[in-house]
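Dear colleague,

Please find below the structure that I am handing over to you, with its sequence. My notes on what was found in it follow directly after.

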Amino acid sequence: MLKIPHNQVAGHQAGNGKLGPLVDDSGCFYKPLQGDDRGSDEVSFYTSFSLNPRVPDLIRRFFPIFYGTQLVEASDGSGLIAHLVLEDLTLGRVNPSIMDIKIGSRTWPPKASEDYIKKCLNKDRESSSLLLGFRLSGLQFYSSKESGFRKVARKSVRSLSAEEVKLVLKNFVSSNTYTELEPKPDCVFASVVFGGPTGILSQLLELKSWFEDQTMYHFYSVSVHMMYEKQLVSEGKSPRAEIKLIDFAHVDEGKGVIDHNFLGGICSLIKFISEILTTIDDCPTEACLKDTQKIQHFSENGMN
């Protein structure tokens with residue numbers, strides 16, 4: 001049975017008669033094909049990418065598994081329409097905290113129409129895209145069993161300054177974020193979510209290394225989907241921190257040229273996260289310091 005995904009933080013969302021993605025219980029995510037070239041372009045990318053022998057297996061793990069296309073009942077009640085069938089990235093996750101980060105200072109492909117370029121350029125100018133090379137598109141924080149989730153409105157995070165973006169990233173890995181963004185986040189989970197050999201930073205560096213060489217594709221308006229499980233790391237277990245790249249309706253041929261637009265955005269995001277990791281000793285309380293030491297102990301000696 002298809003249902004509306006509970007952990008979607010960006011993009012077109014189903015519900016209230018609107019067309020959007022659906023999920024099932026077997027681990028599939030059904031994304032409606034957009035009616036213009038974007039839908040067919042995304043299918044073409046996934047088909048090409050999945051068969052491309054030049055893409056290393058180490059890099060493939062950063063992309064959702066592609067299962068083809070399928071006609072399914074649309075979420076808006078309009079009948080059977082074509083959907084991309086992809087891996088459900090949140091299946092089996094325990095209350096995941098999720099952040100969607102759109103990469104690149106430019107978000108439109110070369111073949112875009114003048115109207116679409118104008119629309120994207122306005123968004124890029126009004127957001128942090130031009131300033132930072134990326135912008136936050138959506139996020140949800142898991143606070144606790146009592147408080148549950150807090151989803152932040154997408155419009156409220158698009159036009160943040162550099163310091164405000166850093167504050168959101170700090171809140172993402174903090175234990176003292178409840179109903180509002182905490183002005184003094186404790187960053188208690190930063191060392192095991194952002195840091196470590198399997199943390200977010202390490203994964204971003206692997207992507208960066210590939211983008212420094214690959215000239216097959218240019219990725220426009222593609223997002224880094226970042227997630228981890230705060231409840232697990234609070235119990236001294238692995239946070240299962242992971243990134244995936246999502247949304248490929250605007251991929252263009254690289255034609256032997258490095259994708260500097262995407263590479264620049266990834267480098268900027270790496271810089272922000274690296275700076276947070278160098279300042280995690282700024283925990284404001286003794287209790288927070290003890291929690292940090294406990295979590296670092298698990299990170300260094302192995303987690304349950």
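Two strands are taken to pair if DSSP finds at least two bridges between them, and helices (H or I, at least four residues) and strands (E, at least two) are DSSP runs, numbered from the N terminus. On that basis, strand 9 (residues 223-228) and strand 10 run antiparallel and are joined by 5 bridges.

The model is a predicted one, in which local features need pLDDT of at least 70 and side-chain atom pairs count only at pLDDT 80 or more, while totals for chains, interfaces and linings use all residues. Residues are numbered from 1 along each chain as its sequence is written, and side-chain values use heavy atoms, with hydrogens and water left out.

Strands and sheet

Strand 10 (residues 242-246) is mostly covered, with 4 of its 5 residues buried; buried means under 20% relative accessible area, exposed over 50%, and partly exposed in between (1.4 Å probe, protein chains only).

There is also an open sheet of 4 strands, in the order 1-2-4-3 and with antiparallel pairing. Strand 1 (22-23) and strand 3 (66-73) form its edges, each pairing on one side only. Strand 2 (residues 28-32) and strand 4 (residues 80-87) run antiparallel and are joined by 5 bridges. Lys 31 has Leu 84 in strand 4 as its bridge partner.

Salt bridges

Lys 31 also takes part in a salt bridge, with the side chain of Glu 42 (3.1 Å, N to O). A salt bridge is here a side-chain nitrogen of Lys or Arg within 4 Å of a carboxyl oxygen of Asp or Glu. This pair links distant parts of the chain, 11 residues apart: Lys 31 is in strand 2 and Glu 42 in helix 1 (residues 37-51). Lys 31 and Glu 42 are both buried. The structure holds 16 salt bridges.

Another salt bridge is formed by the side chains of Arg 93 and Glu 229 (2.9 Å, N to O). Arg 93 lies in the loop between strand 4 and strand 5 (97-103), and Glu 229 in the loop between strand 9 and helix 9 (230-234), so the pair ties together parts that are 136 residues apart in sequence. Both Arg 93 and Glu 229 are buried. They belong to a network of salt bridges that links Glu 87, Arg 93, Glu 229, Arg 240, Glu 242 and Lys 244.

The side chains of Arg 135 and Asp 124 also meet in a salt bridge (2.8 Å, N to O). Because Arg 135 lies in strand 6 (residues 134-144) and Asp 124 in helix 3 (residues 114-126), this pair ties together parts that are 11 residues apart in sequence. Arg 135 and Asp 124 are both buried.

Aromatic residues

The search of the whole structure finds 21 aromatic pairs. Rings of Phe, Tyr and Trp (its six-membered ring) pair if their centres lie within 6.5 Å; planes under 30 degrees apart count as stacked, over 60 as edge-to-face and the rest as tilted. The ring centres of Phe 219 and Phe 262 are 5.8 Å apart and their planes stand at 55°, so this pair is tilted. Phe 219 is in strand 8 (residues 217-219) and Phe 262 in helix 10 (residues 260-278), so that the pair links distant parts of the chain, 43 residues apart. Both Phe 219 and Phe 262 are buried.

Ring pairs link these two residues into a cluster whose members include Phe 45, Tyr 46, Phe 49, Trp 210 and Phe 248. Arg 60 lies over the face of Phe 49, at 5.3 Å from the ring centre (a charge sits over a ring if NZ of Lys or CZ of Arg is within 6 Å of the ring centre and within 35 degrees of the ring normal).

Asp 247 lies in the loop between strand 10 and strand 11. Its phi is near 75°, a positive value in a residue other than glycine, and Asp 247 is partly exposed at 28% relative accessibility. His 250, in the loop between strand 10 and strand 11 (251-253), counts as buried at 10%.

Yours sincerely
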